[in-house]
Amino acid sequence: MNANELRDKTPDQLQEELAQLKKEQFNLRFQQATGQLEGTARMKAARRDAARVKTILNQKAAAAAAEKEA
């Protein structure tokens, strides 16, 4: 997932994506705790993807606030 793909989505779609990533992070942590997780690279990727989504959401919110002021 890259930032350009995320910028094309609406804030509602981004919120949905964020919820899905948080759920995936939970499942990965659960798998790691029970010893079922073999590759831990997906944990890092999910964490970074969630941060990327949050960044795009904040940028969209700032742009909307700037439009209201002008």
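User: Does Asp49 count as buried or exposed?
Analyst: This is a predicted model in which local features need pLDDT of at least 70, side-chain atom pairs count only at pLDDT 80 or more, and totals for chains, interfaces and linings use all residues. Residues are numbered from 1 along each chain as its sequence is written, and side-chain values use heavy atoms, with hydrogens and water left out. Buried means under 20% relative accessible area, exposed over 50%, and partly exposed in between (1.4 Å probe, protein chains only). Because the relative accessibility of Asp49 is 9%, Asp49 counts as buried.

User: Which residues is Asp49 in contact with, leaving aside neighbours within four places in sequence?
Analyst: Asp49 is placed in helix H3, and its C-alpha atom is separated by 8.4 Å from that of Leu18, 31 residues away along the chain. Contact means heavy atoms within 4.5 Å. With neighbours within four places set aside, the contacts of Asp49 are Met1, Leu21 and Arg42.

User: In what order do the elements of the protein run from the N terminus?
Analyst: Helices (H or I, at least four residues) and strands (E, at least two) are DSSP runs, numbered from the N terminus. The protein has three helices and zero strands. The order from the N terminus is therefore α-α-α.

User: What is the radius of gyration of the protein?
Analyst: The radius of gyration is taken over C-alpha atoms, and the globule rule is 2.2 Å times the number of residues to the power 0.38. For 70 residues, a compact globule would come near 11 Å. Along the principal axes, the C-alpha atoms fill a box of roughly 55 × 15 × 15 Å. The radius of gyration of the protein is 15 Å.

User: Why does Glu17 count as buried?
Analyst: Glu17 lies in helix H2. Apart from neighbours within four places in sequence, Glu17 is in contact with Met1, Lys9 and Val53. Glu17 counts as buried because its relative accessible area is 15%.

User: What is the relative accessible area of Leu37?
Analyst: Leu37 is in the loop between H2 and H3. Not counting residues up to four places away in sequence, Leu37 touches Leu28, Gln31, Gln32 and Met43. Leu37 is buried, and its relative accessible area is 18%.

User: Is Asp8 buried or exposed?
Analyst: Asp8 lies in the loop between helix H1 (3-7) and H2. Its C-alpha atom is 19 Å from that of Ala66, 58 residues away along the chain. Because its relative accessible area is 70%, Asp8 is exposed.
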